[in-house]
Amino acid sequence: MVMSRCNSLAALSCIRPISSGKSFEGRPIPAYLITDFDRFHLSKVRILVLAGQHGSEPNPVWSAVSLMRKLASGNNRNLLRRCLFVVVPVANPDGFERRSRENAQGLDINRDWKNFRTLEARFVDSLIEKWKPHILIDLHEWTAVDSSNANEIELPWITTPSRRWLVQDFVRPVASQLGISVAQSSESSNLALFHRHYTTRGFTAFLVETRAGVDPAKKRRLYEDLILAVAHRASYSDCITDISPSARGFYISTVRSYLQPPVTESDDGWTGQLLLLIGAVFCILVYAARWSEGDTSPSPERNVLLVMSLIRCNPRKGRTSSYSTIVHLILEYRRHSCVYIDHLSAR
Ligand SMILES: [Zn+2]
């Protein structure tokens, strides 16, 4: 049922399935990329939404599916120009099938982010390694057997000024606007939980819980409103890469392979060659300027390869898009002093 709904959504133009994982019993763990695929944009804010770690908590799962539909509805076109969502609607399909908290091995996936004994956690970890999200949001709900019962966000502990900024100016206003309380974990908390584990790795991650016994439609709206509000705020923030330093090691070729149409023969025309030359000269000049300041990284070869690969991946868009790619490249340099790439053989 969840899978058929997801599959029908995947036909929409701004949703693309990305390689599924496999659960312990071999069920697919679906994952989707949601963005405006026509806008190539190196500094899109990347947000991962994870739901269904606990199979006994159905509302986060249905909410993630409904969020996908809402994002694709056309009303969020502007947001999708600035954000790229990676959505894992049901991380524990075996548990969801049985309505059990644990996976088919009897393991609680949200206590497995230290040892990675479950295939489910390993799959989500591979997505995070690949997509380096700026923000990770893990959706849960309290059930009748839990001792706590409140709409709540659990934020990571404060270690740096940027994290303090995150808590005070970023998540807190959104939470108070939606009537959600904010709790803070500490470094002595159990680090085998998803959001705490990724906090230790330098990501910005938080967990959302909703009250038991509330109308499911209201709950689902709350998750969606929260995610959309966070995404809006993040996409207008200049500090987004500061709050999640790990998100910087992001490989352009990954996003390129999803956001760009395939290469065609027309790519080898003279305009492409000319732009390639301009890009190469630009990279060498930037490198020379940095080298004269005593900074020898990243290497000029890498920069040149980046320009080549970016230009070559834009064939159908023609000259305009190749120019805009160079503009984005320059902006990326200005923001981070470097850009990250795979090598061309990855194509
Ligand atoms: Zn849970």
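In contact means that the C-beta atoms of two residues, placed from the backbone, lie within 7 Å.

Before going on, a word on the source. This is a predicted model, in which local features need pLDDT of at least 70 and side-chain atom pairs count only at pLDDT 80 or more, while totals for chains, interfaces and linings use all residues. Residues are numbered from 1 along each chain as its sequence is written.

Now the chain as a whole. It has 13 helices and 8 strands. These are DSSP runs, numbered from the N terminus: H or I with at least four residues for helices, E with at least two for strands. Of the 347 residues, 40% are buried. Buried means that 20 or more other C-beta atoms lie within 10 Å of the residue's own; exposed means 12 or fewer, and partly exposed is in between, with C-beta atoms placed from the backbone. If we take contacts between residues at least 6 apart in sequence, 77% of them join residues at least 24 apart.

Back to Met68. In the largest nonpolar core, which has 70 residues, Met68 is among those that touch the most other members, along with Ile34, Ile47, Val49, Leu50, Val87 and Ile137. Helix H2, residues 58-72, gives the most to this core, with 8 residues. A nonpolar core here is a set of buried Ala, Val, Leu, Ile, Met, Phe, Trp, Tyr and Cys residues joined through C-beta atoms within 7 Å.

Next, the sheet. In what order do the 8 strands of the open sheet lie? The order is S1-S2-S4-S3-S5-S8-S6-S7, with mixed pairing. The edge strands, each pairing on one side only, are S1 and S7, the latter at 181-184. Two strands pair if DSSP finds at least two bridges between them.

Start at the S1 end. S1, residues 15-22, and S2, residues 28-34, are antiparallel and share 6 bridges. Gly21 stands opposite Ile29 in S2, and Pro17 has Tyr32 as its bridge partner. The two strands form a hairpin with 5 residues between them, and Gly26 in the turn has a positive phi of about 90 degrees. In S2, 6 of the 7 residues are buried. S2 also runs antiparallel to S4, with 3 bridges; there Leu33 stands opposite Val86. Further along, S3 (residues 45-51) and S5 (residues 135-139) run parallel and are joined by 5 bridges. Val49 stands opposite Ile137 in S5.

Last, helix H8, residues 216-235. Its 20 residues should span 28 Å, at 1.5 Å a residue, and its end C-alpha atoms are 29 Å apart, which agrees. The expected span is 1.5 Å times one less than the number of residues. Which residues of H8 are buried? They are Lys219, Arg220, Leu222, Tyr223, Leu226, Ile227, Val230, Ala231 and Ala234. These cover an arc of only 155 degrees around the axis, so they are on the same side of H8. The arc is that of the directions from the helix axis to the C-beta atoms. On the face turned away from the buried side are the exposed residues Ala217 and Lys218.
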